[in-house]
Amino acid sequence: MESTEHALREEHLAGCLALSKSANWNQNEADWRLMLGIGRGWGISLAGGTLAASTIVLPYGSFAWVSMVLVLPEHRRKGYATQLLHVALADLKNRGLIPILDATPAGREVYVQEGFADTWGFRRLLQLRQSVPALERSTPVRRLRASDWPELLALDAHAFGASRERLLRALAVRLPQAALVAEEDGTLAGYLLGRDGREARQLGPLVARSTSAARALLAEALAQVAPPLYLDVVDREPGITAWVESLGFQFQRPFTRMVHGAQQAPGEAGLVFCPAGPELG
């Protein structure tokens, strides 16, 4: 069947949503609009107009996130994903941006062959029934205020390795009950955001200066946000993973953060407790 490679535009949103649904991924229309607004994408459409494959890149400073490498199940093993990945990598090379992505186990096998290297990992967990934890009183938590943004953005840029202000401000209005900050000794000790999704809400990013601040933020959010709920927890925090599993979260799948052409991912990984999600970084 004849196919055409092209840029992704608003007219392809229905096809993008169909790709997410076919893979049982959580992106909704707001996610796709946000990603295409921040970055750029490419697709492969069939002669009848069906969008069969996609890839998106999101530029952040000196690097860019590669995400939404998707192919309709009935059109896999035709080389579409590899074709679009090569388009994305060539685009980033031309712009001098380091490619980074979060890979599923199946995707990791492909990305290793393309020159990506492992850095660190995280685990996706799903809560279907709400179980409200005892609030962590050691670190005060409150709703995000407009006056918090300069300090929040500075902390996030240090943790993530670049500014992603447009993304964070968009998430803050997507799930306002999860837009929280923690304070210790009068300074910002961490923040949490979240968003709605096609299948479930998701908490993240969660960036904090200490495990106690991270737990306090999660405890408050879990009291405010009803399931179904996704949470991605970094592998270096088995204590938080065990804690949320005691609240009914169940393991779904692992992810590996991978980088192309660099020794490590940018930023200070020790400050990251939950990524924004594999599609966002």
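Phe-249 touches Leu-125, Leu-126, Gln-127, Leu-222, Leu-229, Leu-231 and Val-244, leaving aside residues up to four places away in sequence. You can find Phe-249 in this predicted model by looking in the loop between α8 (238–246) and β12. Phe-249 counts as buried because its relative accessibility is 3%, and buried here means under 20%. Leu-128 is another residue to look for here: 121 residues separate Leu-128 from Phe-249 along the chain, yet their C-alpha atoms are 7.4 Å apart.

Strand β6 (residues 116–127) pairs with β12 in the antiparallel sense, over 9 bridges. To see one of these pairings, pick out Arg-124, whose bridge partner in β12 is Arg-253. Strand β12 (residues 250–260) is also joined to strand β5 (residues 98–103), by 4 bridges, and these two strands run antiparallel. Here you can look for Leu-101, which has Met-258 as its bridge partner in β12.

Strand β5 now leads us to β4. These two strands pair in the parallel sense, over 3 bridges, and Ala-64 stands opposite Pro-99 in β5. How many of the residues of β4 are buried? The count is 9 of the 9, so β4 is largely enclosed by the rest of the structure.

Strand β4 has a further partner in strand β3 (residues 51–60), with 7 bridges joining the two in an antiparallel arrangement. Leu-58 stands opposite Trp-65 in β4, which gives you a handy pair to locate. Together β3 and β4 form a hairpin, with 2 residues between them. Gly-61 lies in the turn of this hairpin and has a positive phi of about 60°.

Is His-75 buried or exposed? Its relative accessible area is 10%, so His-75 is buried. Apart from residues up to four places away in sequence, His-75 touches Leu-46, Ala-52 and Tyr-80.

Now turn to a pair of helices. Helix α1 (residues 13–22) and helix α2 (residues 29–38) have axes that come within 10 Å and cross at roughly 115°. Their crossing is right-handed. Which residues meet where these helices touch? From α1 come Leu-13, Cys-16, Leu-17 and Ser-20, and they meet Glu-29, Trp-32, Arg-33 and Leu-36 from α2. The residues of this contact divide into 5 nonpolar, 1 polar and 2 charged.

Finally, step back and look at the whole protein chain. There are 8 helices and 13 strands in the protein chain. Its C-alpha atoms fill a box of roughly 60 × 40 × 35 Å, taken along the principal axes. For 281 residues, a compact globule would have a radius of gyration near 19 Å, and the protein chain agrees with this because its own value is 19 Å. Buried residues make up 53% of the 281 residues. Among the contacts in the protein chain with a separation of 6 or more, 74% come from residues 24 or more positions apart.

Key: Residues are numbered from 1 along each chain as its sequence is written. This is a predicted model: local features need pLDDT of at least 70, side-chain atom pairs count only at pLDDT 80 or more; totals for chains, interfaces and linings use all residues. Side-chain values use heavy atoms; hydrogens and water are left out. Axes are lines fitted to C-alpha atoms, for helices over the stretch in contact, and angles run from 0 to 180 degrees between N-to-C directions. A crossing is left-handed if the near helix is turned anticlockwise from the far one by less than a right angle, and right-handed if clockwise. Contact means heavy atoms within 4.5 Å. Ala, Val, Leu, Ile, Met, Phe, Trp, Tyr, Cys and Pro count as nonpolar, Asp, Glu, Lys and Arg as charged, and the others, Gly among them, as polar. Two strands pair if DSSP finds at least two bridges between them. Buried means under 20% relative accessible area, exposed over 50%, partly exposed in between (1.4 Å probe, protein chains only). The radius of gyration is taken over C-alpha atoms; the globule rule is 2.2 Å times the number of residues to the power 0.38.
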